[in-house]
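Hi,

Here is the structure I promised to pass on. Have a look at it first, and then read on for what turned up.

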Amino acid sequence: MIGLFGTLDLASNSLSVQEEAMEVTGQNLANVNTTGYTRQQLEVQAATPLQTPIGQEGTGVEATGISQATDALLNSQIQAENSVTGSLTAQQTALQNTETSLNEQISNTSTGTASPSGITADLANLFGSFQSLSTDPSNLTDRQSLVANAQQLATEFNQVSSSLGSVNTQLNQSIQNDVTSSNQDLTQIASLNQQIIEAQGDGGSANDLEDEREQAIENLSNYVNVTATAQSNGGVNIGIGGVTMVSGGTATDSLETYDAGGGQLQIQAQNAGTHLTLSSGSIEGDITVRDGALATLQTSVNTLASQLITQVNGIYSSGYDLNGNTGADFFTGTDASNIGVNSALANDPGAVQASGTAGATGDNSVALKLAQLANTNIPGLSNQTFSQSWAQTVGDLGYTVSEVNQQVTNSASANQMLSNQRQSVSGVSIDQEMTNLMQYEKSYEASAQIVTSLNQMLQTIVDMDDT
Amino acid sequence: MRVSSSSFPDSFIYETNQLQNQQNTLQTEASTGLTFTTPGDNPAGMTQALELQADSSETTQYQNNITQLTNSATTSYDALNGLQTLISQASTIAAGVDSTTSTQQLNSDATEIGGIIQQALQLANTQDSNGNYIFGGTNVSSPPFVASTDADGNVTGVTYQGNTSVASSEIAPGVTVSAQTLGANTTGTGPRGLITDTRSGADLFNHLISLQNDLTSGNASAVTSTDVPNLSKDEANIAYQVGSNGVVQSTLTNTNDVATQQATNLTTQMSNLTDANLSTTLTQLQQTETSYQAALESGVQVMQISLVDFLY
């Protein structure tokens with residue numbers, strides 16, 4: 001039998017445990033809106049019983065620890081999905097910028113409000129001008145119109161090329177920024193590991209630090225695909241692309257960019273000096289678009305411009321202008337970045353070499369051949385016409401954008417489901433915490449009532465001596 | 001499944017975001033009238049739309065070409081008509097000459113033929129609205145027919161300074177037509193010449209000059225035996241040229257009809273491909289707005305309530 005004072009201790013311990021449980025509840029309620037917070041619960045058990053002649057007798061309750069309601073598998077899945085989302089979102093942003101760079105707009109046939117623009121419309125205007133000139137080869141107005149439309153097309157090529165170059169630069173900048181952010185996360189994870197290992201080494205728990213570390217890992221997984229391996233001492237080792245970046249409390253390596261040629265940044269482990277092949281994360285997303293869809297598009301635009309220059313000049317240079325001069329080129333430059341129109345033509349449209357015979361200003365044979373280029377299948381464009389080739393290029397980019405858009409939607413949905421599942425396990429429920437609060441409050445009141453009763457009993461005993 | 005306090009707000013944000021995206025898409029569709037505006041919206045549709053757009057521009061250009069060629073053909077026709085009338089007048093004068101015709105009449109006829117030669121020369125050097133000589137082949141910048149005259153101002157000879165090439169223009173993919181009539185062709189190949197042509201035996205100016213000379217010299221028998229048959233050849237040749245011009249104009253009209261029909265078809269195809277069905281779009285927009293309002297109202301109600309509201 002534990003006696004009155006033993007029972008008083010039991011009640012006192014119970015009060016402490018209920019108070020501590022209320023503190024944990026308070027912590028949960030306080031962090032109900034904290035991102036990444038994992039709800040905590042006080043682990044309690046019946047205190048060690050005493051052996052008495054009538055059998056074991058309980059000595060009350062004791063708190064054994066504060067645990068987190070967490071699911072390591074879910075956390076791991078969320079890290080992986082974060083990387084996928086990071087990659088897809090980066091791809092989506094880059095591809096949308098690329099799409100905007102093309103400036104291809106279709107017209108509304110019903111209202112006629114939006115006029116078509118872009119290379120398609122400019123190509124049509126150029127070949128239309130060659131056609132007009134072929135019907136009246138000596139007409140200066142038609143010649144001026146041709147030169148203006150050719151300049152418009154050349155400028156459009158220059159702008160598209162420049163915009164695509166800017167997207168490339170932005171992607172390299174984004175890769176650089178993400179590497180910096182990743183290294184900050186790696187340093188933070190190592191630091192948190194150190195604190196957690198120390199706290200757990202002292203036999204305590206480090207729940208809030210673990211939440212913070214999980215947040216840092218998930219943040220890192222947005223940039224790169226990470227392998228997080230839990231250690232028995234409480235630390236988590238981080239690997240990227242097969243290279244260990246964080247081991248326990250030490251950031252053993254970090255990411256750095258290097259120029260793989262032409263200013264195109266790649267990633268390597270700084271200390272190991274190893275090229276890292278990433279499979280997901282925003283850095284991988286940026287590299288995928290830069291070296292994939294964007295590079296393909298830049299090549300296509302340059303090929304189109306280059307073929308246009310070659311084909312037009314090939315016909316044009318044999319023509320004669322109104323003064324019988326021949327041999328000049330119509331387009332200057334070699335690709336989309338530097339295509340231009342022979343500057344002599346801007347000031348003297350009569351210098352357009354539309355005739356196939358010197359002195360025959362009514363000869364339109366060169367202008368006609370140039371006009372007929374519009375429907376010529378060009379070997380250098382996979383045997384497509386200029387407009388077909390460009391429509392195909394735009395469509396190909398569209399397929400990539402559309403696919404990534406769909407994948408982003410799917411990934412967002414998967415993320416939402418995983419987040420819901422984690423909330424279901426780790427999230428704080430005000431209703432649940434309030435119910436717990438009531439429960440702990442009533443238990444506290446009951447324990448306090450035991451103290452009151454014991455106090456009265458002890459008073460009775462004291463009063464017995466007085467009588 | 002356990003529901004935490006942040007489950008509702010998270011799902012609420014996700015769902016309302018989805019609805020807002022849908023609203024934005026439908027709103028863009030309603031305001032632009034287009035079912036897609038970027039390649040990513042509808043890649044296959046965008047490819048097709050760009051090709052239709054190029055085809056449409058090309059068809060419009062062919063229609064412009066046809067208009068330009070029709071104007072040229074009409075200008076040629078007017079000149080051909082004038083020349084035909086002049087040849088007819090000359091033939092009538094020549095046919096009226098015989099051995100009984102007085103010298104005075106012959107001189108008067110010669111003077112009249114001199115006038116016809118001048119008028120024919122003007123018509124043979126007709127220019128279009130842009131100042132181009134239409135019967136000089138592709139040499140359009142200078143008069144194709146240059147006359148030499150004697151001291152009295154009579155035309156004694158006319159030389160052709162044009163060439164024997166004509167310009168053709170496209171009126172449909174791969175289809176070229178020339179609305180030009182060549183002034184002279186003595187090569188025996190290519191388009192027939194209007195004034196001079198070896199295959200038809202036409203040589204209008206020389207024939208008229210010869211007639212004028214025979215009338216002046218009172219050689220009535222030469223008029224009947226040589227000049228009248230020669231003018232018949234010129235008459236036949238000009239009739240051929242008028243007929244050819246008619247064929248060209250007819251071809252242009254027919255091709256323009258086809259191009260107009262094709263332009264309509266292309267517009268219809270483009271419309272079917274890109275135009276938003278506004279009644280459907282607006283109905284869907286209304287439905288999405290209703291869903292959005294419902295989500296907001298239910299969300300606000302659910303998020304306002306917790307056990308705290310019922311305690312104490």
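Let me begin with one residue, Ile238(A). Setting aside neighbours within four places in sequence, Ile238(A) is in contact with Leu186(A), Ile189(A), Val226(A), Ala228(A), Met245(A) and Val246(A). Keep in mind throughout that this is a predicted model.

Those contacts belong to a bigger picture. Ile238(A) and Phe157(A) are the residues with the most contacts inside the largest nonpolar core, which has 97 residues. The element of chain A that gives the most to this core is helix α4, residues 140-201, with 17 residues. There is also another core, lying apart from that one, with 36 residues; Ala120(B), Ala124(B), Ile134(B) and Ile195(B) are among them.

Now for chain A as a whole. Its secondary structure consists of ten helices and twelve strands. How does its radius of gyration sit against the globule rule? For 467 residues the rule gives 23 Å, and the radius of gyration of chain A is 38 Å, well over that, so chain A is more spread out than a compact globule. You can see this in the box filled by its C-alpha atoms too, roughly 145 × 55 × 35 Å along the principal axes. Of the 467 residues in chain A, 42% count as buried. As for contacts between residues at least 6 apart in the sequence of chain A, 68% of them join residues at least 24 apart.

One helix pair in chain A deserves a look. Helix α2 of chain A (residues 72-102) and helix α9 of chain A (residues 386-426) have axes that come within 8 Å and cross at roughly 150 degrees. An angle over 145 degrees counts as roughly antiparallel, and α2(A) and α9(A) therefore run roughly antiparallel to each other. Their crossing, that of α2(A) and α9(A), is left-handed.

On to chain B. It has six helices and seven strands, and along the sequence they follow the pattern α-α-α-β-β-β-β-β-β-β-α-α-α. Chain B, too, is more spread out than a compact globule, because its radius of gyration is 38 Å, well over the 20 Å that the globule rule gives for 312 residues. The C-alpha trace of chain B spans about 140 × 30 × 30 Å along its principal axes. Of its 312 residues, 35% count as buried. Among contacts in chain B with a separation of 6 or more, residues 24 or more positions apart account for 68%.

Where do the two chains meet? The contact involves 54 residues of chain B and 59 residues of chain A. On the side of chain B that touches chain A, the elements giving two or more residues are α1 (7-32), α2, β3 (169-172) and α5 (220-274) of chain B. Of these, α2(B) has the largest share, 16 residues.

Is Pro43(B) buried or exposed? It takes 20 or more other C-beta atoms within 10 Å to count as buried, and Pro43(B) has 21, so Pro43(B) is buried. Leaving out neighbours within four places in sequence, Pro43(B) is in contact with Gly395(A), Gly398(A), Tyr399(A) and Ser402(A). For a sense of scale, Pro43(B) and Pro173(B) are 130 residues apart in sequence and 27 Å apart in space, C-alpha to C-alpha.

Cheers

Technical notes
Residues are numbered from 1 along each chain as its sequence is written. Chains are lettered from A and ligands numbered from 1 in the order in which they are written. This is a predicted model: local features need pLDDT of at least 70, side-chain atom pairs count only at pLDDT 80 or more; totals for chains, interfaces and linings use all residues. Helices (H or I, at least four residues) and strands (E, at least two) are DSSP runs, numbered from the N terminus. The radius of gyration is taken over C-alpha atoms; the globule rule is 2.2 Å times the number of residues to the power 0.38. A residue is buried if 20 or more other C-beta atoms lie within 10 Å of its own, exposed if 12 or fewer, and partly exposed in between; C-beta atoms are placed from the backbone. Two residues are in contact if their C-beta atoms, placed from the backbone, lie within 7 Å. A nonpolar core is a set of buried Ala, Val, Leu, Ile, Met, Phe, Trp, Tyr and Cys residues joined through C-beta atoms within 7 Å. Axes are lines fitted to C-alpha atoms, for helices over the stretch in contact, and angles run from 0 to 180 degrees between N-to-C directions. Angles under 35 degrees count as roughly parallel, over 145 as roughly antiparallel, 65 to 115 as roughly perpendicular and the rest as oblique. A crossing is left-handed if the near helix is turned anticlockwise from the far one by less than a right angle, and right-handed if clockwise.
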